[in-house]
Every structure is written in structure tokens, then in C-alpha cells.
Amino acid sequence: MVRIGAHFHVDNPLNEAIALGADAAQFFLGDPQGWKGPVIPGGDPAAIRDAFAAADVDIYIHAPYVINVATSNNRIRIPSRKILDQQLKAAASVGAKGLIVHGGHVTAGVAAEDGLENWRKAVERIERPLPMLIENTAGGDGAMARSLDAISRLWDAVTEAAGQDSANLGFCLDTCHANSAGIDLADAADRIKAITGRIDLVHCNNSRDEFGSGRDRHANIAAGTIDPALLLGVVRAAGAPAICETPDENGGLAADVSWLKEHLAG
């Protein structure tokens, strides 16, 4: 049975996960839009690790959105590496299954190869005490993980840099991002696995916008522009845990977790 969870923006994600019947909880360790170091809820990583383990709820940590190790801007790239390193260590301390980080982008006029080289350096220099899962993104001409071709080039770069230490490199497939990037979800999971060898996590999100829009606006499973059957197909084909990062209003997030559990049980 695929483990199904949700992203929580609350102080006690374990309580929320249990209330939803979720098998996994994804959350931030601090401000997702800030440059400060990670914050452990309650200050005791062992207590968090033990409580989640006792409840049989897996932890996934999402790195701050501001991280962009691909950029040539030193004022962003250098602190990005520092915070990514801190986030990986903090996520490991609470027993997380993985840390999700966006692929980032280069600025206009900068070659994609510069971004790939910056990713190589990051992978070479940052210790990974748990799986670091690179997530595909929805838009941007300089995005490192938007199209299948870009994902392939990035994957080649990071796995080459990791060498024999590539076990803790993984991939997170976001369905909303893929749809907005113009990737057909009908065979997206298989085509990604042909590049990466596996998918470690699915962000199962519908989209408020049309195919190829380049926009990143999540919708509940039954309320977006993507046929829910396509989302279900991605989760099945990926063979990986799924996290819903969908709106919580009016019980939407709970309904999405319940819908996935029901349809995957059949």
C-alpha cells in the first residue's frame, strides 16, 4: 500500500497527520521564505523522531523556497549552500525520510551549464546524511528542473558529482509543476524513471491553471484542471509515497488524502 500524506503549515504536524489518517507529514523547519537556519519544533529532535515513529507517521522536510544553489549570484548561491547543509542535518536529526529542495534556476543571459556546474559543486561539498530529493519546477526559462531534457541534464550532473555516494540523491515529482511545465502526466512517471532510475516521492497536486501555463498554483484533487485519473496514474506508476500539498480550506486537504487512500486501495 502506498503511503499517503500531506504538507502541514501548523506547529504540531503530527496531530494533524493523525487526525487526517495520513501515513506521512511534510513540513518546514522554519520560515520557507527566509534565510535563517532551521528551527526544530519544541527544540528536541529526538522527541519528534520518537513521537512520529510511535505513531507510524513518516516525516518529510521541505527546504526553504529561497534556496537556489544553481545561481551564479554569490549573494544567493553561497547562503543557499549553507542553509541546504543545515537543513539536511536538521532533517536527519528528526528522522526524516528525505529533504525536498527545488532545482533552482539561472538568471536571464546565464548559460544552463553554469547552473549545472554550481549544482555539481553543491553536491560535492554538502554532506547528505539523508536522501536529498530534487523537485521539478513549473516555470521559468532558466529553470534547472522544468522540462524532461533539463531534468536529464541536471540528473547527469548531480549523479556524476556524487560518484559512488549517489544513494542519498533522489527525485520528487510534483504533478502540478509537471503539468504546468508541459509534461504529459499520462507517461510522466515512466519517463522520469527512465532518467533517474526511480521516483522517491510524489507531490500529488492538481492545478488551477492549464497545461503548459508555467504557473505554480495548486488545487485540490477534484477541483483543478487535471483529470484526477491522471494524478492517480502518476502515483501508481511512481511506486513512491505521495504527499498532497493542496489547499486546506473547507476540508480540502483531508478530502484529498482520503480520496487517494480510497482509490489506491482498490
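Which residues line the second largest pocket? In this predicted model, the lining is formed by Tyr-65, Val-66, Ile-67, Asn-68, His-102, Gly-104, His-105, Thr-137, Gly-139, Gly-140, Gly-142 and Ala-143.

Sorted by class, its lining contains four nonpolar residues, eight polar residues and no charged residues.

The largest pocket has a volume of about 430 Å³. It is lined by 20 residues, and those closest to its centre are His-7, His-9, Glu-245, Thr-246 and Pro-247. The lining of this largest pocket comprises seven nonpolar, seven polar and six charged residues.

## The barrel

Eight strands form a closed barrel in the order β1-β2-β3-β4-β5-β6-β7-β10, and their pairing is parallel. On average, neighbouring strands of this sheet are turned by 30° against each other, if direction is ignored. In general, the strands of a sheet pair through backbone hydrogen bonds, in either a parallel or an antiparallel arrangement.

Strand β4, residues 98–102, and strand β5, residues 132–135, are joined in the parallel sense over four bridges. Leu-99 has Met-132 of β5 as its bridge partner. His-102, which belongs to the residue range of β4, is also one of the residues that line the second largest pocket.

## Helices α4 and α5

Helix α4 covers residues 112–125 and helix α5 covers residues 148–162; their axes come within 8 Å and cross at roughly 35°. This crossing is right-handed. On the side of α4, the residues in contact are Leu-116, Trp-119, Arg-120, Val-123 and Glu-124. They meet Arg-153, Leu-154, Ala-157, Val-158, Glu-160, Ala-161 and Ala-162 in α5. By class, the residues of this contact divide into eight nonpolar, no polar and four charged.

Helix α5 is also placed against the strands: it lies across β5 and β6, the latter being residues 169–174, and runs at about 160° to β6.

Most residues other than glycine have a negative phi. Which backbone angle of Asp-56 is positive, although this residue is not a glycine? The angle is phi, with a value of about 55°. Asp-56 is found in the loop between α2 (45–54) and β3 (58–62).

Asn-250, likewise not a glycine, has a positive phi of about 55°. Its place is in the loop between β10 (242–244) and α9 (252–264).

Methods:
Residues are numbered from 1 along each chain as its sequence is written. This is a predicted model: local features need pLDDT of at least 70, side-chain atom pairs count only at pLDDT 80 or more; totals for chains, interfaces and linings use all residues. Side-chain values use heavy atoms; hydrogens and water are left out. On a 1 Å grid over the protein atoms alone, a cavity is a set of points where a 1.4 Å probe fits but cannot get out, and a pocket is an open set with protein on both sides within 12 Å along at least five of seven lines; lining residues have an atom within 4 Å of a point. Grid points are joined across faces, edges and corners, and a volume is the space filled by probe spheres set on the points. Ala, Val, Leu, Ile, Met, Phe, Trp, Tyr, Cys and Pro count as nonpolar, Asp, Glu, Lys and Arg as charged, and the others, Gly among them, as polar. Axes are lines fitted to C-alpha atoms, for helices over the stretch in contact, and angles run from 0 to 180 degrees between N-to-C directions. Helices (H or I, at least four residues) and strands (E, at least two) are DSSP runs, numbered from the N terminus. A crossing is left-handed if the near helix is turned anticlockwise from the far one by less than a right angle, and right-handed if clockwise. Contact means heavy atoms within 4.5 Å. Two strands pair if DSSP finds at least two bridges between them.
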